[in-house]
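Please have the sequence and the model open side by side.

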Amino acid sequence: MAEKACVKRLQKEYRALCKEPVSHVVARPSPNDILEWHYVLEGSEGTPFAGGYYYGKIKFPPEYPFKPPGISMTTPNGRFMTQKKICLSMSDFHPESWNPMWSVSSILTGLLSFMMDNSPTTGSVTTSVAEKEKLAKASLAFNCKNPTFRKLFPEYVEKYEQQQLPAQPVPEQVSSVPTQAEKSRPLLDEHGNSPKDDVNRVKPIKDVKNRQRQSFPTWLLLLLVSIFGVVMALPLLQL
């Protein structure tokens, strides 16, 4: 059972984390056990762990903060063994180097920094950059299969579900620029008529004049010829 000083200290640290979150680190105590904390480390950009979400546990002793915690990682990561204690100066592997002033946030920040390094330690593994990148891409899907992870970190579950949604097609935009065929069409005048309509409208007028000339009365023609003669009558007929 946790000592009273331990419980008060861990509660205080949790409030501090909620008030001032640490970059790339999320940590929450188990609802049923204040001594068991669960964390998520987000891989730093520019490293093989970029885009990865690494879930693990911190197990505090009842004598905390006077004794160090045990630290393990659950998500396959290519840097540490899973479900095995990791050897750090801030972990129970080195109680002689433990500082009671260290907190949950400083422990996890140190773990994240050490994760980016390649220094061998108890609990570490050696893998290629390509293998680390592959594990980083698969990390969120792996974590979301864990019931405890889903319960404690619903925001990451939501992130994963959003990633699984099919990409929405981008609607095509109708261009307002006229095509070459539209440019070649005759423009309408202010009355809504095209130049072709004007040609059709003028043509009947010429036909009327021609019909008027063709329908000149024969009796009038003979009368004009008899009065003025052929030479004088022709100019009159052309009016």
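Q83 counts as exposed because its relative accessibility is 54%. Throughout, buried means under 20% relative accessible area, exposed means over 50%, and partly exposed lies in between, with a 1.4 Å probe and protein chains only. Accessible areas come from the Shrake-Rupley method with a 1.4 Å probe, and for residues only the protein chains shown count as cover. Q83 is found in the loop between β4 and α2, and its phi is near 60°, a positive value in a residue other than glycine.

The model is predicted: local features need pLDDT of at least 70, side-chain atom pairs count only at pLDDT 80 or more, and totals for chains, interfaces and linings use all residues. Residues are numbered from 1 along each chain as its sequence is written, and side-chain values use heavy atoms, with hydrogens and water left out.

Two other loops have backbone features to look at. H24 lies in the loop between α1 and β1, and its phi, near 65°, is again positive in a residue other than glycine. H24 counts as partly exposed because its relative accessibility is 31%. In the loop between β3 and β4 lies P65. The peptide bond that leads from Y64 to P65 is cis, with omega near 10°.

Now the overall layout. The protein has eight helices and four strands. These are DSSP runs numbered from the N terminus, with helices being H or I of at least four residues and strands E of at least two. Read from the N terminus, the order is α-β-β-β-β-α-α-α-α-α-α-α. Of the 239 residues, 30% count as buried. The protein exposes about 16100 Å², and carbon and sulfur atoms supply 58% of that area. Among contacts (heavy atoms within 4.5 Å) between residues at least 6 apart in sequence, 53% join residues at least 24 apart.

Which residues have the most contacts inside the largest nonpolar core? They are Y39, L41, F60, M73, L108 and L111, in a core of 30 residues. A nonpolar core here is a set of buried Ala, Val, Leu, Ile, Met, Phe, Trp, Tyr and Cys residues joined through side-chain atoms within 4.5 Å. At least two residues of this core come from each of α1 (4-19), β1 (25-30), β2 (33-42), β3 (53-59), β4 (70-73) and α2 (104-116). Helix α2 supplies the largest share, six residues. Leaving aside residues up to four places away in sequence, L108 touches V25, A27, Y39, L41 and I58. A second, separate core has eleven residues, including V40, Y53, L140 and F149.

Charged residues come next. Side chains of opposite charge can pair when their charged atoms come close. A salt bridge is counted when a side-chain nitrogen of Lys or Arg is within 4 Å of a carboxyl oxygen of Asp or Glu. The whole structure has five salt bridges.

One of them joins the side chains of R28 and E155, at 2.8 Å from N to O. This pair links distant parts of the chain, with R28 in strand β1 and E155 in helix α5 (residues 154-164), 127 residues apart. R28 is partly exposed, with a relative accessible area of 21%, and E155 is partly exposed as well, at 31%.

Another salt bridge brings together the side chains of D33 and K59, at 3.1 Å from N to O. D33 lies in strand β2 and K59 in strand β3, so the pair ties together parts that are 26 residues apart in sequence. Relative accessible area is 25% for D33, which is partly exposed, and 42% for K59, also partly exposed.

D92 and K85 form a further salt bridge, their closest N and O atoms being 2.8 Å apart. Both ends are partly exposed: D92 has a relative accessible area of 29%, and K85 has 48%.

K132 is found in helix α3 (residues 129-143). Apart from residues up to four places away in sequence, K132 touches P48, F49, N77, G78 and T127.

Last, the cysteines. A disulfide is a pair of cysteine sulfur atoms within 2.5 Å, and by this rule the count is zero. C18 counts as partly exposed because its relative accessibility is 48%, whereas C87, at 12%, counts as buried.
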